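Take a look at the chain below. We will walk through it step by step.

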Amino acid sequence: MTRRHDMNTGVRRAIRPALGALPLAVAIACAGVAQAIPQPGVTTGPAQPAAPSADTTRQPGTTVAPPAPQVNYAVPQDHRPVPVETEPAPAVNWQQLHAPEPVAPVAPIAPPPRTVRIGDFTTAAPDALPDAILNPVNDAAAGTEAALSTGLQSVGINPSRSDKIAAGTAGGAVLGAAIVGIPSAIGGAIGGGLIGAGVGAGIGAGIGVAIVAGTAVAAGVPTGGLGAVIAAPAAVPVIGGGALIGAGVGAAAGAALGAAAIGIPAAVLGGVAGGAAGGFLGGAF
């Protein structure tokens, strides 16, 4: 009996540590189950999905405005930066055009600094061109372009298409004027310069003769001897100098008049033709 009692006591002592660790093991197991199995009355949300890409943010039936273009230069108040085409402009719907109606004025476009912009025509400004000339040129071109775009919108043309037509018209006008007007002005300057040089040389030589004759009379040379005085070698520098001066002045004046008389009308015609072509391209593409 005593031996059995001692045996039972030994068994209890052997398993007592295991029994002491059992509650801890049960607690750990329950904690794991609690994380794996939702508890009553507790709502566990699903894992957050990754942020959708830009291509999946557009929902069916909704219109998402394109992001505004980044502007890397200061834009003056009441102006806008150079438009960036993110998608093709809608075509002109000729059946929806109507008589002009009041619309909000289109803001003029401000180009980047030191840039010549006349509609679609854009180029870096030469270093010799001061801002005092560059800025008024850009402002006048932008104002004309904005007025044309406003007029096109007033008859029912889409704003982006109106911008393209206005820019094409302005750019085409300056290119047409340059392509046609500059060669015509050069031709007119050459022709006018040659004519002016001839006329000026004759006038200058006549002035030289008058100076020689007047000097001779003042010196008491008889009237009948004036011809010999004028023909004398000493008179050649005076008469020839007058002819050269007259030729130079006449050439300059004739070139200016010839360039203006021929170049300006040609530039106007070229600008009209170029503007019409640019406007057509702006409306078609």
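The tour starts with the whole chain and then moves to its parts.

This is a predicted model: local features need pLDDT of at least 70, side-chain atom pairs count only at pLDDT 80 or more, and totals for chains, interfaces and linings use all residues. Residues are numbered from 1 along each chain as its sequence is written, and side-chain values use heavy atoms, with hydrogens and water left out.

Begin with confidence. The pLDDT is the predictor's confidence in each residue, from 0 to 100. Its mean over the chain is 78, and 75% of the residues reach 70 or more. Residues 1–59 have a pLDDT below 50, and beyond near neighbours in sequence this stretch has three contacts in the model. Contact means heavy atoms within 4.5 Å. Residues 61–66 also fall below 50, with two contacts beyond near neighbours in sequence.

Now the layout. The chain has five helices and two strands. From the N terminus on, the order is α-β-β-α-α-α-α. Helices (H or I, at least four residues) and strands (E, at least two) are DSSP runs, numbered from the N terminus. Of the 285 residues, 25% are buried. Buried means under 20% relative accessible area, exposed over 50%, and partly exposed in between (1.4 Å probe, protein chains only). Among contacts with a separation of 6 or more, 73% join residues 24 or more positions apart.

Next come the strands. Strand 1 and strand 2 (residues 121–124) pair in the antiparallel sense over four bridges. Two strands pair if DSSP finds at least two bridges between them. The two form a hairpin with two residues between them, and G119 in the turn has a positive phi of about 65°. I118 stands opposite F121 in strand 2. In a regular strand the side chains alternate between the two faces of the sheet. In strand 1, T115 and R117 point one way, V116 and I118 the other, and all are buried.

Is R117 buried or exposed? R117 is buried, because its relative accessible area is 9%, under the 20% limit. The side chain of R117 makes a polar contact with the side chain of E145, at 2.7 Å. A polar contact is a pair of N or O atoms within 3.5 Å; within protein, one must be able to donate a hydrogen and the other to accept it, and residues adjacent in sequence count only if both atoms are side-chain atoms. Leaving out residues up to four places away in sequence, R117 touches several others, including V82, N138, A141 and A167.

Buried residues of helix 2 include L134, N138, A141, E145 and L152. Strand 1 (115–118) and helix 3 (159–218) are among the elements that cover them. Just after helix 2, G156 takes a positive phi of about 105°.

L152 also belongs to the largest nonpolar core, with V92, V155, I157 and I165. Such a core is a set of buried Ala, Val, Leu, Ile, Met, Phe, Trp, Tyr and Cys residues joined through side-chain atoms within 4.5 Å. Leaving aside neighbours within four places in sequence, L152 is in contact with I157, S162, I165 and A166.

Finish at helix 5 (residues 236–284), where G242 sits. G242 is buried, with a relative accessible area of 15%. Not counting residues up to four places away in sequence, G242 touches G204 and A205.
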